[in-house]
Amino acid sequence: MLSTICAARKFSTSAVTNHIMKLTRLRVVDNSKIGKQAMAEGKPPRCIHIYNKKGIGTIGDKILVAIKGEKVKAIIVGCVKEQKANIPRFDSNNIVLIDDNGTPLGTRINVPIPIMLRTILKEKTFSKGADYTKLLAIASNYV
Amino acid sequence: MSKIIKCTILDLSTLLRVTYTGITVNQIRSAHNVRPPRIKYPLWHLQRERAKDDQQLTEDNRAFVKEAVHDKFGMPAVIHGISTYEVRSPLKEDSVERKNVEWHPKLKRTGLIARKLGNYPMWSDNGKSMLATLFQVIDNHVIKYIPPGEFDPPRKPYSCPKHKKELGCLLVGAESADPQYYTKQYCGLFYREGMMPKKILGRFLISPEAALQPGTPLLASHFRPGDFIDIRGKTIDRGFQGVMKRHGFHGLPATHGVTKSHRRGGNIGHGGEKGRVFPGTKMPGHMGNRYRIHKGAEILRINHKYNVIWVKGVASPGETNSIVYLHDTILPLRKHKITPPFPTSKEVEDDQLIDSYKEHMYKFTDPTITFEEEK
Amino acid sequence: MNQAEVSQLISKLRIRISPRHKNLKCPEGPQGRLNKLRKTVNALFKYERLELNYTIADETRGYAERLISEAIRHGDTHKPTMEMADYWIEEKQLIHKLFKVLVPRFSDYKTSYTMLYRAPKAYPDIVYPRSVLELRGNPFPSILPQRIDQRNFIHNILLEEAKKAYRAEKYEQITKSLNEQDVVDK
Amino acid sequence: MLLRSLKLHIIQCGFAPVVLQVSRTCSNMPLSDTHQSPDNAVSGKQVKSERKLVVPSNSRFIYPEFLPDPKMEWRNSLREKLERLDMIQRRKHIDIPEFYVGSILAVTSSNQHAPNKATRFVGICIQRLGCGLRANITLRNVIKHVGTEIKYQLYDPTIQKIEVLRLEKRLDDELLYLRDAPNEYSTFDENMEAEYLPEGTPVPVNTTLVKLKPRPWRARWERKNMKGLADLELEERFYKRAEELATPWEKYDLMKQYRRTIPEEEQKEIFAEVCSELHEVEVMRKKLKRKKVFVKPTRSS
């Protein structure tokens, strides 16, 4: 999907670092209705904010995306950029849409997600804040 | 003819002497012309290498000189992985008074002279990798101890008035060398102690209680794994560099009408009253080749066979194969918690103890790391 | 580049190599640099002794050494070596010289194949450092002055005498210690 | 010394069929001169003891990470020696087999985050980088239609096992273009059985030509001179530009090559030291293997 969009542009984007930053196009990998529709229409979501201090998202970061005219929160579950040893790197920037409580909008994740997310999301979950661990329950495959 | 010349010269000299003795000039100069005295160099600051001329010795004589050197100082040998000489017991009687003082945190121990070998990764026992820099302690021996009263450093720090009063000076040398390649005066530094000349010298300020006998070897076991050290060395010489490389400026934009100043620093000062460049403004200039100290580096591992120290991180100054000086750290929170080897460690002949690691480091002799399943 | 290239094996050169190459100030870039060096390598094989600026002589030396060591290693039937010789030697009759004259000459050498000397500069002028580069075993007379007999130098004569005295003392001590041992044994 | 040789001799006699692991690939490369020497006619025992000292001439392909970084400013003989010692110590606990870029590997490593504290990843080796303890490989596989890559450090102590499922070479030293190729080129079954290659056969070269997806790509492959790529089907201007930027003179730059390689004499020294140690490790490992009763491993979940 992503490649078709890039192919439409026919000029080289500087794809050296492949960072996830503001206005990066992403790929929704869960089966939520809005995500499926957006991907099917060829209008994948854009990142419009990253909830960390660097402004560059990596695996496990929460971001805000613009999808079909709406603002939805999401968790990054896979990056294209080079990773350190033992951390998987994917061919697309994968996200899973969630609501404010951390509950995923979909019911199933169709792609492999990095196993380190199990620890990262558990650490990010506080007793009274959002519970991100529900995302782990709908994952089908870990790498 | 020549006689006449000789006579005139003689006459002239006598004439001059007369005139010289006749007039005595007492020079009186006003105070503002008096310059501060020149920097006094320390006693080991001497001409070292002889001029590199061919000595034109015959083969026999060259062998004889070598033989004489070896008879006096010992045969060439490889000790702790360094080619050096078997220097035998240097001094018979103790020239330095030894007091049995217990170590306490205010005492200052000596440091070591080491060579930077490069770096490679190590792993902790939870599988985390970290880069470590290797330093080899190269054949260090104590050359001289100057007690606090006698030690008069050429440059006294203003901030440290007790400098002269309380701290003594220990001269340490590294890497023995054949004396025929050094000047007589330089060899004289080592002669009284019965040592071979050393290629590298280092001065360490120490408490008098930590004084060491000249000829004492200093080993890597002077430190222990888990200790924190300061590493002083000369940074890599990068030559004349612009502000972007030297100070990390961002430069000016690549486009938008900018011409010929994409890597320049931009503005360097104000106008009006402050119409000058402030001292210390960051500007282009020579980068590197100056002494810098990397403070509080942690020792991860020590190899006692080759006297190699592994230090966490790659921030220590200097190129590979350059000389650095290792001290106990001055950072207050990272100082020794338990008694270190004081005044220095003893040479122990133990074939079993080759490597000692810091706690929670993966030893390469250990089996593969596996994690326990939590219940 | 953090690992060694393993596609080919190369013999070790017997000269000191600087860690970085020199650019030789060439407007045509790296290709122009090699063209410059080709001329000097060619001339070195032709004349066997050259006077050059030090920088270019130092660079040329490495290339000439490599070419000879490749020729010795692989011989004239090896195609890549022949191609290399063809590139580096512009006058083609010198290729025959490389394989038929220089290879037999250097094949049992244990030292480097070339020599590099620093040459004097014309004093009042400020010029680049000069040097002399030559192939070893060339027919010209040696550049270094011939050594005079050193034995008659005063310091050698004095050392000679010192040696005699030193040895005599040493032997005396050894015999003395042996005698003492004998006494102890008895 | 005498004791040591005696011990080795006993080991040799006890395990006559034990052959160095590297000896299989010996035959596909030109053998070193010492190997072909006519000494083979001498009595059997002597030949054997001679033979163990022979360093296979293709060691540099099997153990490229034992060669140090050729950058002269960074070299130090003692550091390189200590690094090799540590590598051999690590190799005593894990068998790092012979493999090449293009081989299919399975790496099992301990992982704190995994439920059973270990993970296994199967994939094609697309890159092999670094020397010494930093040596690393990148494995690539397509799982559920998403290309996935993991970089492993070869000497990482958390790695439990490295298996070679299919030993083969490709036409290039780096297969990074698989990222721009359709998924079927890098899809491998996770439960793949290891393919057995009889001893003595040369390592097969897979001559598949990869057909890339249309541009844009992650690199300008037309400029990289890759042998394993099918026709790229680009416009003429791309090839023209690639030709402009090509550096054909570089293959004649003898000193550049020299500065990038470790000379043969140094390589011999290194591998003589390494191979004798590795041989002992190999012998020990085979000995242990015989003692164990073979149980077919069953995969849980």
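How many of the 7 residues of strand β1 (residues 104-110) of chain D are buried? The answer is 5, so β1 of chain D is largely enclosed by the rest of the structure. Please keep in mind as you read that this is a predicted model.

Let us stay with this strand for a moment and look at its partners. On one hand, β1(D) pairs with strand β2 (residues 118-129) of chain D, in the antiparallel sense and over 7 bridges. On the other, β1(D) pairs with strand β5 (residues 159-166) of chain D, again in the antiparallel sense, over 6 bridges. In β5(D), the bridge partner of D:Ile104 is D:Arg166.

Another strand of chain D takes us across to chain A. Strand β4 (residues 146-153) of chain D is joined to β5(A) by 2 bridges, and the two strands run antiparallel. Here A:Arg89 has D:Glu149 in β4(D) as its bridge partner.

What does chain A look like as a whole? You will find 4 helices and 8 strands in it. Followed from the N terminus, the elements of chain A run α-β-α-β-β-β-β-β-β-α-α-β. Chain A has 143 residues, of which 38% count as buried. Take the contacts in chain A between residues at least 6 apart in sequence: 53% of them join residues at least 24 apart.

Chain D also meets chain C, in a contact that takes 25 residues from chain D and 22 residues from chain C. On the side of chain D that touches chain C, the elements giving two or more residues are α4 (59-62), α7 (254-260) and α8 (264-291) of chain D. The most comes from α7(D), with 5 residues. The residues on this side of chain D divide into 14 nonpolar, 3 polar and 8 charged.

Now step into chain C, where two helices lie against each other. Two packed helices are described by the angle between their axes and the distance between the axes. The axes of helix α2 (residues 54-74) and helix α3 (residues 79-88) of chain C come within 10 Å and cross at roughly 150°. An angle over 145 degrees counts as roughly antiparallel, and α2(C) and α3(C) are therefore roughly antiparallel to each other. The crossing is left-handed. C:Tyr63, C:Leu67, C:Glu70, C:Ala71 and C:His74 in α2(C) meet C:Thr81, C:Met84, C:Ala85 and C:Trp88 in α3(C). These residues divide into 6 nonpolar, 2 polar and 1 charged.

Our last stop is a helix pair that links chain B with chain C. Helix α2 (residues 59-73) of chain B and helix α5 (residues 154-185) of chain C pack at an angle of about 50°, with their axes 10 Å apart. That angle makes α2(B) oblique to α5(C), and their crossing is left-handed. B:Asn61, B:Phe64 and B:Ala68 in α2(B) meet C:Asn156, C:Leu159, C:Glu160, C:Lys163 and C:Tyr166 in α5(C). By class, the residues of this contact divide into 4 nonpolar, 2 polar and 2 charged.

Key. Residues are numbered from 1 along each chain as its sequence is written. Chains are lettered from A and ligands numbered from 1 in the order in which they are written. This is a predicted model: local features need pLDDT of at least 70, side-chain atom pairs count only at pLDDT 80 or more; totals for chains, interfaces and linings use all residues. A residue is buried if 20 or more other C-beta atoms lie within 10 Å of its own, exposed if 12 or fewer, and partly exposed in between; C-beta atoms are placed from the backbone. Two strands pair if DSSP finds at least two bridges between them. Axes are lines fitted to C-alpha atoms, for helices over the stretch in contact, and angles run from 0 to 180 degrees between N-to-C directions. Angles under 35 degrees count as roughly parallel, over 145 as roughly antiparallel, 65 to 115 as roughly perpendicular and the rest as oblique. A crossing is left-handed if the near helix is turned anticlockwise from the far one by less than a right angle, and right-handed if clockwise. Two residues are in contact if their C-beta atoms, placed from the backbone, lie within 7 Å. Ala, Val, Leu, Ile, Met, Phe, Trp, Tyr, Cys and Pro count as nonpolar, Asp, Glu, Lys and Arg as charged, and the others, Gly among them, as polar.
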